[in-house]
Every structure is written in C-alpha cells, then in structure tokens.
Amino acid sequence: MKTAVLLVLMAATPAQALEPPPCVAARAKAVTGKEATPARIKLAQKKSGAHLVRVIRPGQAVTMDYRLERLNVHVNARKRITRLTCG
C-alpha cells in the first residue's frame, strides 16, 4: 500500500514542477504612473513573478488568450504605465 501511494506522489510532482507560478500584478503596482522604460518593465515582471510580459498600447489589438504567467503592462499615449493585469 505504501508503494502505491509513493508512486502516485512521484507521478504528480514533475507535472506540477513544470507549471509556471501565476502572475500577481498587485506586487508591481509601484510602477503604475511611471514611464514604461525597458528597465521598469523588467522590474514589474520580476516583482509580479510573471514569466512573460506584454506591453499594450492605446488602440493596439491583442489576443484574448488568458495566460496565468503573463503580465500585461497597459500604457497611455505618453508611454506611462496606466494599469497592470495578469492573463
């Protein structure tokens, strides 16, 4: 019985390890209102825990796919960060 439980636990571990942790946009809120420089976008990515970053400009078409590991950096026409979302 112990062997069966151990095998089940071992089988679940690698799949879970491959999944990236989800993004948390609130952790990067300090960059909101500031200029969207490459360094600032990288900082937001690091603070949010996101593996991917997408900068969204006014009027830009974007896909509607939802990715837990992606940070969306919304910027205005003056290249200021207006909002951060994950997905």
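Three strands make up an open sheet of mixed pairing in the order β1-β2-β3, where helices (H or I, at least four residues) and strands (E, at least two) are DSSP runs numbered from the N terminus, and two strands pair if DSSP finds at least two bridges between them. Because β1 (52–56) and β3 (81–86) each have a single partner strand, they stand at the edges, and one side of each is left without a neighbour in the sheet. On average, and with direction ignored, neighbouring strands of this sheet are turned by 20° against each other; axes here are lines fitted to C-alpha atoms, for helices over the stretch in contact, and angles run from 0 to 180 degrees between N-to-C directions. Helix α2 (residues 38–48) packs on the sheet, where it touches β1, β2 and β3, contact meaning heavy atoms within 4.5 Å, and the direction of α2 makes about 130° with that of β1.

The model is a predicted one, in which local features need pLDDT of at least 70 and side-chain atom pairs count only at pLDDT 80 or more, while totals for chains, interfaces and linings use all residues. Residues are numbered from 1 along each chain as its sequence is written, and side-chain values use heavy atoms, with hydrogens and water left out.

Strand β2 (residues 70–75) pairs with β3 in the antiparallel sense over five bridges, and the two strands form a hairpin with five residues between them. In the turn of this hairpin, Lys79 has a positive phi of about 65°. Val75 stands opposite Ile81 in β3, and Asn72 has Thr85 of β3 as its bridge partner.

Asn72, placed in strand β2, counts as buried because its relative accessibility is 4%, the limits being under 20% relative accessible area for buried, over 50% for exposed and partly exposed in between (1.4 Å probe, protein chains only). Leaving aside residues up to four places away in sequence, Asn72 touches Arg54, Ile56, Arg83, Leu84, Thr85, Cys86 and Gly87. A polar atom of the Asn72 side chain lies 3.3 Å from the backbone oxygen of Gly87.

Cys86, one of the residues that Asn72 touches, is joined by a disulfide to Cys23, with 2.0 Å from S to S, a disulfide being a pair of cysteine sulfur atoms within 2.5 Å. By this rule the count comes to one disulfide. The pair links distant parts of the chain, 63 residues apart, with Cys23 in the loop between α1 (2–18) and α2 and Cys86 in strand β3. The link of Cys23 and Cys86 is left-handed, with -55° about the S-S bond, and both Cys23 and Cys86 are buried.

Terms used. A polar contact is a pair of N or O atoms within 3.5 Å; within protein, one must be able to donate a hydrogen and the other to accept it, and residues adjacent in sequence count only if both atoms are side-chain atoms.
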